[in-house]
Amino acid sequence: MHRLSTVILAAGQGTRLKSKLNKVLHPVCGRPMVDWSVAAARAIGSDQIVLVVGNDADAVREHVGQGVTFVLQEQRLGTAHAVMQAQKAVEDFGANSVLVFYGDMPALRAETLAALVARQRESDAVFALLSVIAEDPMGFGRVVRDAKGKVQAIVEEAAASPEVLAIRELNCGVYCFDADWLWENIQRIEPTPPKNEYYLPDVVDLAASAGESIKVVCIDDVEEIQGVNNRVHLAECTRILHKRINQEHMLNGVSITDPTSTYIDVDVVIGRDTVIYPNTHLRAGTVIGEDCSIGPNTIIEGSIIGDGCTVLSSMLEGARMDDGANIGPFGHLRKGAHLGEGVHMGNFGEVKNSYLAPGTKMGHFSYLGDAQVGEDVNIGAGTITCNYDGVNKHPTVIGRDAFIGSGSLIVAPAQIGERAKLGAGSVVTHPVGDDMLAYGQPAREIRKMERVDEDQD
(Lines give C-alpha, C1' and ligand atoms only; values in the text may rest on other atoms or scores of the structure.)
Protein backbone atom coordinates (compact mmCIF):
# COMPACT_ATOMS: atom_id res chain seq x y z
CA MET A 1 0.00 0.00 0.00
CA HIS A 2 1.32 3.42 -0.95
CA ARG A 3 1.69 5.68 2.07
CA LEU A 4 2.21 9.44 2.03
CA SER A 5 3.93 11.37 4.80
CA THR A 6 3.70 15.16 4.79
CA VAL A 7 6.49 17.07 6.51
CA ILE A 8 5.58 20.67 7.36
CA LEU A 9 8.51 22.94 8.21
CA ALA A 10 7.46 25.23 11.06
CA ALA A 11 10.58 25.75 13.16
CA GLY A 12 11.47 29.28 12.06
CA GLN A 13 11.71 32.06 14.64
CA GLY A 14 9.94 34.64 12.52
CA THR A 15 12.08 37.46 13.88
CA ARG A 16 10.99 39.85 11.12
CA LEU A 17 7.42 39.68 12.40
CA LYS A 18 8.69 41.30 15.62
CA SER A 19 6.11 39.48 17.68
CA LYS A 20 5.86 37.63 20.99
CA LEU A 21 3.60 35.12 19.22
CA ASN A 22 5.11 32.17 17.37
CA LYS A 23 5.24 32.84 13.65
CA VAL A 24 2.96 29.99 12.53
CA LEU A 25 0.39 30.82 15.22
CA HIS A 26 -0.38 34.21 13.70
CA PRO A 27 -3.98 34.09 12.46
CA VAL A 28 -5.00 34.45 8.84
CA CYS A 29 -8.76 34.73 8.19
CA GLY A 30 -9.65 33.23 11.56
CA ARG A 31 -7.20 30.32 11.41
CA PRO A 32 -3.53 30.28 12.54
CA MET A 33 -1.12 29.78 9.65
CA VAL A 34 -0.09 26.32 10.80
CA ASP A 35 -3.74 25.22 10.74
CA TRP A 36 -3.97 26.11 7.04
CA SER A 37 -0.95 23.88 6.35
CA VAL A 38 -2.25 20.98 8.45
CA ALA A 39 -5.70 21.30 6.84
CA ALA A 40 -4.15 21.16 3.36
CA ALA A 41 -2.18 18.03 4.30
CA ARG A 42 -5.34 16.36 5.59
CA ALA A 43 -7.33 17.43 2.53
CA ILE A 44 -5.01 15.51 0.20
CA GLY A 45 -5.27 12.37 2.30
CA SER A 46 -1.84 12.37 3.97
CA ASP A 47 -1.37 9.18 5.93
CA GLN A 48 1.03 10.88 8.32
CA ILE A 49 1.62 14.56 9.13
CA VAL A 50 4.93 15.49 10.69
CA LEU A 51 5.35 19.01 12.01
CA VAL A 52 8.95 20.18 12.46
CA VAL A 53 8.91 22.68 15.33
CA GLY A 54 11.57 24.78 16.96
CA ASN A 55 10.98 28.21 18.39
CA ASP A 56 8.27 28.14 21.09
CA ALA A 57 7.60 24.50 20.23
CA ASP A 58 5.36 23.86 23.24
CA ALA A 59 2.89 26.56 22.17
CA VAL A 60 2.65 25.05 18.69
CA ARG A 61 2.16 21.53 20.09
CA GLU A 62 -0.53 22.71 22.48
CA HIS A 63 -2.41 24.53 19.73
CA VAL A 64 -2.26 21.85 17.03
CA GLY A 65 -2.98 18.98 19.42
CA GLN A 66 -3.46 15.37 18.42
CA GLY A 67 -3.29 13.73 15.01
CA VAL A 68 0.12 15.20 14.17
CA THR A 69 3.63 13.88 14.86
CA PHE A 70 5.95 16.55 16.24
CA VAL A 71 9.72 16.55 15.82
CA LEU A 72 12.06 19.18 17.22
CA GLN A 73 14.74 21.04 15.29
CA GLU A 74 16.85 22.23 18.20
CA GLN A 75 19.37 24.07 16.02
CA ARG A 76 18.14 25.97 12.98
CA LEU A 77 20.65 24.80 10.38
CA GLY A 78 18.62 25.17 7.21
CA THR A 79 15.69 23.57 5.44
CA ALA A 80 17.43 20.28 4.62
CA HIS A 81 18.49 19.97 8.24
CA ALA A 82 14.85 20.49 9.26
CA VAL A 83 13.72 17.66 6.99
CA MET A 84 16.42 15.41 8.45
CA GLN A 85 14.80 15.76 11.86
CA ALA A 86 11.69 14.04 10.46
CA GLN A 87 13.56 11.07 8.99
CA LYS A 88 13.14 8.61 11.86
CA ALA A 89 9.43 9.36 12.30
CA VAL A 90 8.75 8.95 8.57
CA GLU A 91 10.86 5.81 8.20
CA ASP A 92 9.23 4.21 11.24
CA PHE A 93 5.85 4.97 9.66
CA GLY A 94 6.90 3.31 6.41
CA ALA A 95 5.98 6.06 3.95
CA ASN A 96 6.70 5.61 0.25
CA SER A 97 6.42 9.31 -0.61
CA VAL A 98 7.34 12.40 1.39
CA LEU A 99 5.70 15.75 0.69
CA VAL A 100 7.58 18.75 2.09
CA PHE A 101 6.30 22.31 2.35
CA TYR A 102 6.32 25.25 4.73
CA GLY A 103 4.04 26.15 7.60
CA ASP A 104 4.01 29.83 6.61
CA MET A 105 2.38 29.44 3.17
CA PRO A 106 -1.34 29.50 4.05
CA ALA A 107 -2.41 30.34 0.50
CA LEU A 108 -1.01 27.11 -0.95
CA ARG A 109 -3.96 25.14 -2.31
CA ALA A 110 -4.61 21.51 -1.44
CA GLU A 111 -5.34 20.89 -5.14
CA THR A 112 -1.81 22.03 -6.02
CA LEU A 113 -0.26 19.75 -3.43
CA ALA A 114 -2.36 16.84 -4.67
CA ALA A 115 -1.18 17.46 -8.24
CA LEU A 116 2.44 17.46 -7.06
CA VAL A 117 2.01 14.16 -5.19
CA ALA A 118 0.30 12.59 -8.21
CA ARG A 119 3.08 13.79 -10.51
CA GLN A 120 5.74 12.08 -8.40
CA ARG A 121 3.77 8.88 -7.89
CA GLU A 122 2.82 8.44 -11.52
CA SER A 123 6.34 8.95 -12.89
CA ASP A 124 9.76 7.45 -12.48
CA ALA A 125 11.00 10.66 -10.88
CA VAL A 126 12.94 10.62 -7.62
CA PHE A 127 11.03 13.75 -6.77
CA ALA A 128 8.75 16.41 -8.17
CA LEU A 129 9.05 20.08 -7.37
CA LEU A 130 6.61 22.97 -7.54
CA SER A 131 7.49 26.03 -9.63
CA VAL A 132 5.71 29.22 -10.58
CA ILE A 133 5.98 31.64 -13.49
CA ALA A 134 6.21 35.18 -12.15
CA GLU A 135 7.46 38.56 -13.36
CA ASP A 136 8.45 39.54 -9.82
CA PRO A 137 11.15 37.09 -8.69
CA MET A 138 10.53 37.88 -4.99
CA GLY A 139 14.05 36.72 -4.15
CA PHE A 140 13.24 33.10 -5.08
CA GLY A 141 15.71 30.70 -6.68
CA ARG A 142 15.46 30.17 -10.43
CA VAL A 143 14.66 26.82 -12.05
CA VAL A 144 17.36 26.20 -14.65
CA ARG A 145 16.55 23.76 -17.47
CA ASP A 146 18.59 22.34 -20.34
CA ALA A 147 17.71 22.57 -24.04
CA LYS A 148 15.30 19.62 -23.69
CA GLY A 149 13.51 21.19 -20.74
CA LYS A 150 14.98 18.95 -18.06
CA VAL A 151 15.68 20.55 -14.71
CA GLN A 152 19.41 20.95 -14.15
CA ALA A 153 19.70 23.16 -11.08
CA ILE A 154 18.12 25.59 -8.69
CA VAL A 155 20.19 28.76 -8.59
CA GLU A 156 19.57 31.14 -5.71
CA GLU A 157 19.21 34.79 -6.62
CA ALA A 158 22.35 35.90 -4.79
CA ALA A 159 24.49 33.50 -6.84
CA ALA A 160 22.75 33.94 -10.20
CA SER A 161 24.31 35.36 -13.37
CA PRO A 162 22.40 37.98 -15.40
CA GLU A 163 21.23 35.21 -17.75
CA VAL A 164 19.85 33.15 -14.87
CA LEU A 165 18.27 36.23 -13.28
CA ALA A 166 16.27 36.67 -16.47
CA ILE A 167 14.55 33.31 -15.90
CA ARG A 168 10.96 33.72 -14.70
CA GLU A 169 10.39 30.15 -13.49
CA LEU A 170 10.84 30.23 -9.73
CA ASN A 171 11.35 27.42 -7.24
CA CYS A 172 8.57 27.43 -4.63
CA GLY A 173 10.41 25.23 -2.11
CA VAL A 174 7.67 22.57 -2.22
CA TYR A 175 8.66 18.98 -3.06
CA CYS A 176 7.31 15.45 -3.17
CA PHE A 177 10.07 12.83 -2.83
CA ASP A 178 10.45 9.13 -3.26
CA ALA A 179 11.12 8.32 0.39
CA ASP A 180 13.99 5.88 -0.16
CA TRP A 181 15.82 8.28 -2.46
CA LEU A 182 15.31 11.21 -0.08
CA TRP A 183 16.77 9.52 2.98
CA GLU A 184 19.66 8.06 1.01
CA ASN A 185 20.64 11.40 -0.51
CA ILE A 186 19.71 14.16 1.91
CA GLN A 187 22.73 13.31 4.05
CA ARG A 188 24.96 14.14 1.07
CA ILE A 189 23.98 17.82 1.07
CA GLU A 190 26.97 20.02 1.90
CA PRO A 191 26.73 23.07 4.16
CA THR A 192 26.50 26.39 2.34
CA PRO A 193 28.68 29.27 3.55
CA PRO A 194 28.69 31.74 5.16
CA LYS A 195 26.09 30.35 7.60
CA ASN A 196 27.07 26.75 6.90
CA GLU A 197 23.44 25.70 6.70
CA TYR A 198 21.97 22.77 4.75
CA TYR A 199 19.49 23.82 2.07
CA LEU A 200 16.87 21.54 0.57
CA PRO A 201 17.07 22.92 -3.02
CA ASP A 202 20.52 21.30 -3.25
CA VAL A 203 18.76 17.98 -3.83
CA VAL A 204 18.21 19.17 -7.40
CA ASP A 205 21.95 19.26 -8.05
CA LEU A 206 22.34 15.80 -6.50
CA ALA A 207 19.59 14.29 -8.66
CA ALA A 208 20.62 16.05 -11.88
CA SER A 209 24.29 15.09 -11.53
CA ALA A 210 23.27 11.45 -11.09
CA GLY A 211 21.03 11.57 -14.16
CA GLU A 212 17.87 11.06 -12.10
CA SER A 213 14.50 12.19 -13.39
CA ILE A 214 13.01 15.32 -11.80
CA LYS A 215 9.43 16.29 -12.58
CA VAL A 216 7.89 19.73 -12.23
CA VAL A 217 4.39 20.99 -11.56
CA CYS A 218 4.41 24.59 -12.78
CA ILE A 219 1.64 26.94 -11.70
CA ASP A 220 0.91 30.49 -12.82
CA ASP A 221 -0.90 31.76 -9.71
CA VAL A 222 1.89 33.46 -7.81
CA GLU A 223 -0.48 34.23 -4.92
CA GLU A 224 -0.39 30.56 -3.90
CA ILE A 225 3.21 30.68 -2.81
CA GLN A 226 3.05 33.92 -0.82
CA GLY A 227 5.04 33.19 2.33
CA VAL A 228 4.96 35.16 5.55
CA ASN A 229 8.17 36.70 6.83
CA ASN A 230 6.87 40.05 8.08
CA ARG A 231 3.62 41.88 8.78
CA VAL A 232 3.38 43.10 5.19
CA HIS A 233 3.40 39.48 3.97
CA LEU A 234 0.86 38.58 6.66
CA ALA A 235 -1.52 41.25 5.41
CA GLU A 236 -0.99 40.13 1.81
CA CYS A 237 -1.82 36.51 2.66
CA THR A 238 -4.92 37.67 4.50
CA ARG A 239 -6.02 39.66 1.44
CA ILE A 240 -5.46 36.66 -0.86
CA LEU A 241 -7.46 34.29 1.31
CA HIS A 242 -10.26 36.75 1.94
CA LYS A 243 -10.63 37.12 -1.83
CA ARG A 244 -10.84 33.34 -2.25
CA ILE A 245 -13.33 32.93 0.58
CA ASN A 246 -15.55 35.69 -0.80
CA GLN A 247 -15.46 34.21 -4.28
CA GLU A 248 -16.48 30.80 -2.95
CA HIS A 249 -19.48 32.28 -1.13
CA MET A 250 -20.56 34.24 -4.20
CA LEU A 251 -20.33 31.16 -6.38
CA ASN A 252 -22.53 29.39 -3.82
CA GLY A 253 -25.32 31.98 -4.13
CA VAL A 254 -24.37 34.72 -1.65
CA SER A 255 -24.37 38.34 -2.84
CA ILE A 256 -21.41 40.41 -1.65
CA THR A 257 -21.87 43.95 -2.89
CA ASP A 258 -18.22 44.97 -2.41
CA PRO A 259 -15.85 42.00 -1.93
CA THR A 260 -12.85 44.28 -1.39
CA SER A 261 -14.35 45.63 1.83
CA THR A 262 -15.92 42.40 3.10
CA TYR A 263 -13.91 40.22 5.49
CA ILE A 264 -15.12 36.65 6.01
CA ASP A 265 -13.17 34.11 8.03
CA VAL A 266 -12.66 30.55 6.89
CA ASP A 267 -15.42 28.08 7.92
CA VAL A 268 -18.12 30.78 8.17
CA VAL A 269 -21.37 29.39 6.74
CA ILE A 270 -23.75 31.64 4.76
CA GLY A 271 -27.02 30.59 3.14
CA ARG A 272 -27.99 31.43 -0.42
CA ASP A 273 -29.67 34.71 -1.36
CA THR A 274 -28.20 36.41 1.67
CA VAL A 275 -26.73 39.83 0.89
CA ILE A 276 -23.55 41.06 2.59
CA TYR A 277 -22.97 44.82 2.47
CA PRO A 278 -19.61 46.66 2.67
CA ASN A 279 -17.33 46.86 5.69
CA THR A 280 -18.77 43.71 7.22
CA HIS A 281 -16.60 41.32 9.25
CA LEU A 282 -17.86 37.76 9.66
CA ARG A 283 -15.60 35.96 12.08
CA ALA A 284 -14.97 32.35 13.02
CA GLY A 285 -17.86 30.29 14.35
CA THR A 286 -20.56 32.28 12.55
CA VAL A 287 -23.48 30.62 10.73
CA ILE A 288 -25.92 32.76 8.72
CA GLY A 289 -29.09 31.46 7.10
CA GLU A 290 -30.76 32.24 3.78
CA ASP A 291 -32.36 35.51 2.63
CA CYS A 292 -30.62 37.65 5.24
CA SER A 293 -29.38 41.22 4.96
CA ILE A 294 -26.09 41.74 6.77
CA GLY A 295 -24.34 45.10 7.08
CA PRO A 296 -23.00 47.51 6.19
CA ASN A 297 -20.55 48.25 9.02
CA THR A 298 -21.29 45.06 10.92
CA ILE A 299 -19.16 42.67 13.01
CA ILE A 300 -20.46 39.16 13.73
CA GLU A 301 -18.37 36.71 15.72
CA GLY A 302 -19.27 33.18 16.80
CA SER A 303 -22.98 33.74 16.29
CA ILE A 304 -25.89 31.88 14.70
CA ILE A 305 -28.38 33.77 12.56
CA GLY A 306 -31.52 32.20 11.11
CA ASP A 307 -33.27 32.77 7.80
CA GLY A 308 -34.64 36.14 6.76
CA CYS A 309 -32.81 38.17 9.43
CA THR A 310 -31.54 41.74 9.16
CA VAL A 311 -28.41 42.99 10.92
CA LEU A 312 -27.77 46.65 10.17
CA SER A 313 -24.56 48.34 11.34
CA SER A 314 -24.38 46.26 14.51
CA MET A 315 -22.13 43.93 16.50
CA LEU A 316 -22.88 40.36 17.53
CA GLU A 317 -20.61 38.16 19.64
CA GLY A 318 -21.64 34.70 20.82
CA ALA A 319 -25.28 35.48 20.08
CA ARG A 320 -28.24 33.96 18.27
CA MET A 321 -31.02 35.36 16.11
CA ASP A 322 -33.92 33.15 15.07
CA ASP A 323 -35.76 33.41 11.76
CA GLY A 324 -37.03 36.86 10.86
CA ALA A 325 -35.35 38.72 13.74
CA ASN A 326 -33.83 42.11 13.04
CA ILE A 327 -31.44 44.44 14.81
CA GLY A 328 -29.97 47.88 14.34
CA PRO A 329 -28.62 50.18 13.41
CA PHE A 330 -25.93 50.32 16.08
CA GLY A 331 -27.18 47.39 18.15
CA HIS A 332 -25.03 45.08 20.24
CA LEU A 333 -25.79 41.46 21.01
CA ARG A 334 -23.32 40.23 23.60
CA LYS A 335 -22.54 36.68 24.67
CA GLY A 336 -25.64 34.64 25.42
CA ALA A 337 -28.06 37.01 23.73
CA HIS A 338 -30.88 35.19 21.91
CA LEU A 339 -33.55 36.91 19.84
CA GLY A 340 -36.51 34.67 19.05
CA GLU A 341 -38.43 34.58 15.78
CA GLY A 342 -39.49 37.98 14.51
CA VAL A 343 -37.96 39.91 17.41
CA HIS A 344 -37.14 43.54 16.66
CA MET A 345 -34.31 45.33 18.46
CA GLY A 346 -34.00 49.05 17.80
CA ASN A 347 -30.98 51.26 17.33
CA PHE A 348 -28.42 51.61 20.12
CA GLY A 349 -29.90 48.65 21.98
CA GLU A 350 -27.84 46.07 23.85
CA VAL A 351 -28.71 42.55 25.02
CA LYS A 352 -26.52 40.28 27.14
CA ASN A 353 -27.23 36.73 28.32
CA SER A 354 -30.94 37.15 27.71
CA TYR A 355 -33.73 35.54 25.72
CA LEU A 356 -36.39 37.59 23.95
CA ALA A 357 -39.26 35.33 22.91
CA PRO A 358 -40.93 35.54 19.47
CA GLY A 359 -42.75 38.73 18.58
CA THR A 360 -41.11 40.90 21.23
CA LYS A 361 -40.08 44.42 20.29
CA MET A 362 -37.27 46.23 22.07
CA GLY A 363 -37.05 49.98 21.60
CA HIS A 364 -33.94 52.02 21.02
CA PHE A 365 -31.44 52.97 23.72
CA SER A 366 -32.45 49.98 25.87
CA TYR A 367 -30.35 47.41 27.75
CA LEU A 368 -31.45 43.93 28.80
CA GLY A 369 -29.02 41.83 30.82
CA ASP A 370 -29.71 38.38 32.36
CA ALA A 371 -33.36 38.63 31.36
CA GLN A 372 -36.03 36.18 30.20
CA VAL A 373 -38.67 38.00 28.18
CA GLY A 374 -41.92 36.37 27.07
CA GLU A 375 -43.68 36.55 23.73
CA ASP A 376 -45.04 39.79 22.24
CA VAL A 377 -43.60 42.06 24.92
CA ASN A 378 -43.06 45.74 24.20
CA ILE A 379 -39.84 47.10 25.69
CA GLY A 380 -40.04 50.88 25.55
CA ALA A 381 -37.12 53.07 24.55
CA GLY A 382 -34.52 53.64 27.24
CA THR A 383 -35.51 50.63 29.36
CA ILE A 384 -32.71 49.26 31.54
CA THR A 385 -32.49 46.05 33.54
CA CYS A 386 -30.30 46.88 36.53
CA ASN A 387 -28.87 43.38 36.78
CA TYR A 388 -25.64 44.05 38.70
CA ASP A 389 -25.54 45.10 42.34
CA GLY A 390 -21.79 45.59 42.46
CA VAL A 391 -21.14 42.01 43.56
CA ASN A 392 -23.53 39.64 41.77
CA LYS A 393 -25.65 39.51 38.63
CA HIS A 394 -29.39 38.98 39.09
CA PRO A 395 -32.15 37.85 36.69
CA THR A 396 -35.21 39.63 35.38
CA VAL A 397 -38.32 37.76 34.15
CA ILE A 398 -40.94 39.56 32.08
CA GLY A 399 -44.15 37.72 31.20
CA ARG A 400 -45.77 37.54 27.79
CA ASP A 401 -47.72 40.49 26.38
CA ALA A 402 -46.29 42.84 29.00
CA PHE A 403 -45.81 46.52 28.18
CA ILE A 404 -42.74 48.26 29.59
CA GLY A 405 -42.96 52.02 29.35
CA SER A 406 -40.11 54.11 28.05
CA GLY A 407 -37.32 54.98 30.46
CA SER A 408 -38.16 52.23 32.95
CA LEU A 409 -35.53 50.89 35.32
CA ILE A 410 -36.04 47.27 36.39
CA VAL A 411 -33.94 46.51 39.47
CA ALA A 412 -33.12 42.79 39.49
CA PRO A 413 -33.97 40.30 40.75
CA ALA A 414 -37.31 41.27 39.28
CA GLN A 415 -40.54 39.60 38.15
CA ILE A 416 -43.06 41.31 35.90
CA GLY A 417 -46.20 39.35 35.19
CA GLU A 418 -48.01 38.54 31.98
CA ARG A 419 -49.92 41.42 30.37
CA ALA A 420 -48.60 43.81 33.05
CA LYS A 421 -48.08 47.45 32.15
CA LEU A 422 -45.39 49.78 33.47
CA GLY A 423 -45.79 53.50 33.13
CA ALA A 424 -42.99 55.51 31.56
CA GLY A 425 -40.08 56.26 33.90
CA SER A 426 -41.02 53.55 36.42
CA VAL A 427 -38.41 52.14 38.81
CA VAL A 428 -39.31 48.54 39.56
CA THR A 429 -38.04 47.24 42.91
CA HIS A 430 -40.85 44.78 43.75
CA PRO A 431 -42.68 42.11 41.73
CA VAL A 432 -45.49 43.24 39.45
CA GLY A 433 -48.30 40.71 39.07
CA ASP A 434 -50.19 39.49 36.02
CA ASP A 435 -52.50 42.08 34.43
CA MET A 436 -51.34 44.79 36.85
CA LEU A 437 -50.84 48.44 36.01
CA ALA A 438 -47.85 49.88 37.87
CA TYR A 439 -45.89 53.11 37.77
CA GLY A 440 -43.88 55.44 39.92
CA GLN A 441 -40.48 55.67 41.61
CA PRO A 442 -40.53 53.11 43.07
CA ALA A 443 -43.25 51.53 40.97
CA ARG A 444 -46.44 50.54 42.79
CA GLU A 445 -49.25 48.37 41.57
CA ILE A 446 -52.16 50.74 40.93
CA ARG A 447 -54.89 48.42 39.81
CA LYS A 448 -55.58 45.17 38.05
CA MET A 449 -56.56 45.72 34.46
CA GLU A 450 -59.48 43.98 32.88
CA ARG A 451 -58.22 41.08 30.82
CA VAL A 452 -59.28 41.21 27.18
CA ASP A 453 -60.08 37.87 25.56
CA GLU A 454 -57.93 37.67 22.42
CA ASP A 455 -60.64 35.66 20.64
CA GLN A 456 -63.30 38.26 21.33
CA ASP A 457 -64.55 40.31 18.36
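Leaving aside neighbours within four places in sequence, Gln-73 is in contact (heavy atoms within 4.5 Å) with Ala-11, Val-52, Val-53, Gly-54, Gly-78, His-81, Ala-82 and Gln-85. The model is a predicted one, in which local features need pLDDT of at least 70 and side-chain atom pairs count only at pLDDT 80 or more, while totals for chains, interfaces and linings use all residues. Residues are numbered from 1 along each chain as its sequence is written, and side-chain values use heavy atoms, with hydrogens and water left out.

Gln-73 sits in the loop between β5 (69-72) and α3 (79-84); helices (H or I, at least four residues) and strands (E, at least two) are DSSP runs, numbered from the N terminus. With a relative accessible area of 3%, Gln-73 is buried, where buried means under 20%, exposed over 50% and partly exposed in between (1.4 Å probe, protein chains only). A polar atom of the Gln-73 side chain lies 3.4 Å from the backbone oxygen of Gln-75, and the backbone oxygen of Gly-78 lies 3.4 Å from a polar atom of that side chain.

Turning to the strands, β33 (residues 378-379) runs parallel to β36 (residues 403-404), joined by two bridges; strands pair if DSSP finds at least two bridges between them. Here Ile-379 stands opposite Ile-404.

As for the cysteines, the whole structure has zero disulfides, a disulfide being a pair of cysteine sulfur atoms within 2.5 Å. The sulfur of Cys-218 is too far for a bond because the closest cysteine sulfur, in Cys-172, is 7.9 Å away. For Cys-309, also in no disulfide, the nearest cysteine sulfur is that of Cys-292, 4.8 Å away. Cys-218 is partly exposed at 40% relative accessible area, whereas Cys-309 is buried at 1%.

Note on methods
A polar contact is a pair of N or O atoms within 3.5 Å; within protein, one must be able to donate a hydrogen and the other to accept it, and residues adjacent in sequence count only if both atoms are side-chain atoms.
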